Amino acid sequence: MSAPAVDWELAARVAPRLVRPGPAAAWTDRMQVVDSLRTAARTALPHAARVTGLEPPEDPQTLVVDRGGWARANVQALATVTGATPKAPRRPPLGRGAATGLELAGALALLSGSVLGQVDPWGSVRPRLLLVAPNVLATERSMEVPAEDFRLWVALHEQTHVLQFGAAPWLAGHLADRVRALWEHQPRLTPATVRRVVGAGTWSPLELLDPEQRAEVDRIGAVMSVLEGHADVAMDAVGTRVIPSVRQLRRRFTRRRSAAARATGIRRVVRTLLGVDVKMAQYADGARFVRGVRRRVGWDGFNAAWSAPELLPSPQEVADPAAWVRRVHG
């Protein structure tokens, strides 16, 4: 299988049109959320740096976006990762790539309603933080938690990602190489694939991959587990002096994730096709790895992972923190 042709311009144009509108809010309330998230991002960075022991960047970039802006940014990032020109992605000959462009637009539109924040290491000259204002607002309302605490908590998670890419300048390229290798030999979803998902709730799109591709997915998954688990541990480690309701936030957010994982019907199909449950497992697996390493060698010992690609944990080591500690620290 070879990389599919993608009409990136079509995807960037259509994805924002397909997103669902955010929660109802007065214009002044929406602007207050935007201002509050910008403040939270500035406040969170030094706290995340203190907890993790990583150096903050000198000129951090934060964008507060709506769902359409998030989808458009991810088209640009994916175009960059797969080798297209970031600002003017290569457009395939007329008629080629339209279907894949529309598939991509649809997938991003579906995801756009659930992402609270993201660090994009490819869409600019340096990693940039994206905070999705309508999703933060909708989530804090549904969880019934203090808004300012929740916004700072979310920003702490995402700023930890900023610190990770700053500590490991090679990391963005390393991930891009891995993703590009999969993209160039990826399977295509077909109506038959969707029918299989509907008919077998435990089926996964990973079954379409050959053993080499599956091994690559596992290696990428191990890196993502560390990134997400590290950020999850850091956002809680600031404690109640910084975020008074941090324990309540974790309890309610975990309950929310668990409820979403029990989805059935079309929601289950969408989660399976988009790999949402795989993402959720990465948070839990990565957090266990980070805590296991930290108990043995502390934050400084854990931060050796950012020194070189070969010091990242393997999939087997994510499940066995002691094995990683033995390999890296002796």
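Analyst: Asp7 uses its side chain to reach the backbone nitrogen of Leu10, at 3.0 Å. This is a predicted model, by the way. Asp7 sits in the segment before helix H1 (8-18), and Asp7 is buried, with a relative accessible area of 7%.

Now the salt bridges: the count comes to 11. Over in helix H7 (residues 171-183), Asp177 and Arg180 are three residues apart, about one turn of the helix, and their side chains meet in a salt bridge at 3.2 Å, N to O. Asp177 is partly exposed at 42% relative accessible area, and Arg180 is partly exposed too, at 23%.

Arg178 pairs with Glu216, with 3.0 Å between the closest N and O atoms. Glu216 is buried, at 10%, while Arg178 is partly exposed, at 25%.

On to helix H12, where Asp285 and Arg288 are three residues apart, about one helical turn. Their side chains form a salt bridge at 2.5 Å, N to O. Asp285 is partly exposed at 31%, whereas Arg288 is exposed at 51%.

Last, the surface: Arg291, Arg295, Arg296 and Arg326 form a positive patch. Helix H12 (residues 276-302) gives the most to that patch, three residues. Arg326 comes from helix H14 (residues 321-329), and Arg326 is exposed, with a relative accessible area of 51%.

Methods:
Residues are numbered from 1 along each chain as its sequence is written. This is a predicted model: local features need pLDDT of at least 70, side-chain atom pairs count only at pLDDT 80 or more; totals for chains, interfaces and linings use all residues. Side-chain values use heavy atoms; hydrogens and water are left out. Patches are made of residues with over 30% relative accessible area and no salt bridge: like charges are joined within 9 Å, nonpolar side chains (Val, Leu, Ile, Met, Phe, Trp, Tyr) within 5 Å. Accessible areas come from the Shrake-Rupley method with a 1.4 Å probe; for residues, only the protein chains shown count as cover. A salt bridge is a side-chain nitrogen of Lys or Arg within 4 Å of a carboxyl oxygen of Asp or Glu. Lys and Arg count as positive and Asp and Glu as negative; His and the chain ends are not counted. The place of a charge is taken as NZ of Lys, CZ of Arg, CG of Asp or CD of Glu. Helices (H or I, at least four residues) and strands (E, at least two) are DSSP runs, numbered from the N terminus. Buried means under 20% relative accessible area, exposed over 50%, partly exposed in between (1.4 Å probe, protein chains only). A polar contact is a pair of N or O atoms within 3.5 Å; within protein, one must be able to donate a hydrogen and the other to accept it, and residues adjacent in sequence count only if both atoms are side-chain atoms.
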